[in-house]
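Let's walk through this structure together, one feature at a time. Keep the sequence and the 3D view at hand as you read.

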Amino acid sequence: NINSFTTKDGLSHLDVYCFEKDSKGIIWVGTRDGLNRFDGRKFKVFTKKNGLNHKSINEIYRDGDFLWCIHYYRNADLNLLSIFHTNEERVYSLEEFLDEKLLFKQNDIQTIYTVNQTLFIQTQNHKTYSYHPNIGLKTLPFIKKKEVVKAVLKNGDFWILDFDKSYLYFRK
């Protein structure tokens, strides 16, 4: 059987960017116009009215019952991250989620991306941090101003590429 869904079925938008399945088997859909919860029968939509920092959800990273909703739009007033608790249906700040004082302000995040189940956060002051559920948030001082992590090997080694794509290097 093939089932199709449209906005008439409750999906917030047909521009769908990402999917994630939670621990209860619920499908979460990131669209141009909100985070959609699909229980197999109907959609429930979460937007800025529910505390999300932006209406567009471009990537979802799951950490237990939390969904890190990543927004790729950048302007002076936009926070690129909403951390959504799937059971409470509530948005947490990064500081609340980590239960610790951050070395940067959440709205200073310039880029967030994932590589091998690790989140990388780059801030406006060009510092890079990594987050993994088993390790927590840590600073990566060896990542320079215009570099991006392309791969993290199982032994913890990094492959790093500069933004201008003039070099790729390996870091132990």
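**Salt bridges, a pocket and a patch**

At 28% relative accessibility, Asp15 counts as partly exposed (buried means under 20% relative accessible area, exposed over 50%, and partly exposed in between, with a 1.4 Å probe and protein chains only). This is a predicted model, in which local features need pLDDT of at least 70 and side-chain atom pairs count only at pLDDT 80 or more, while totals for chains, interfaces and linings use all residues. Residues are numbered from 1 along each chain as its sequence is written, and side-chain values use heavy atoms, with hydrogens and water left out.

Let's stay with Asp15 and meet its partner. The side chain of Asp15 pairs with that of Arg32 in a salt bridge (2.9 Å, N to O); the term stands for a side-chain nitrogen of Lys or Arg within 4 Å of a carboxyl oxygen of Asp or Glu. Arg32 sits in the loop between strands E2 (27–31) and E3 (34–38), and Asp15 in the segment before strand E1 (16–21), so the pair ties together parts that are 17 residues apart in sequence. Strands here are DSSP runs of at least two residues, numbered from the N terminus. Arg32 is partly exposed, at 37%.

The whole structure has six salt bridges. Another one joins Lys44 and Glu89, whose closest N and O atoms are 2.7 Å apart. Lys44 belongs to strand E4 (residues 43–46) and Glu89 to the loop between E7 (81–85) and E8 (90–92), so this pair links distant parts of the chain, 45 residues apart. Salt bridges that share partners also join Glu88, Arg90 and Glu96 into one network.

Now turn to the loops. Gln117, between strands E9 (109–115) and E10 (118–123), has a positive phi near 70°. Most residues other than glycine have a negative phi. His126, in the loop between E10 and strand E11 (128–132), also has a positive phi near 70°.

Which strands each supply at least two residues of the lining of the largest pocket? They are E10 and E11. The lining has 13 residues, and Thr118, Ile135, Val152, Gly156 and Phe158 lie nearest the centre of the pocket.

Note on methods. Helix = DSSP H or I, 4+ residues; strand = E, 2+ residues; numbered from the N terminus. 1 Å grid on protein atoms, 1.4 Å probe; cavity = no way out; pocket = protein on both sides within 12 Å on 5 of 7 lines; lining within 4 Å.
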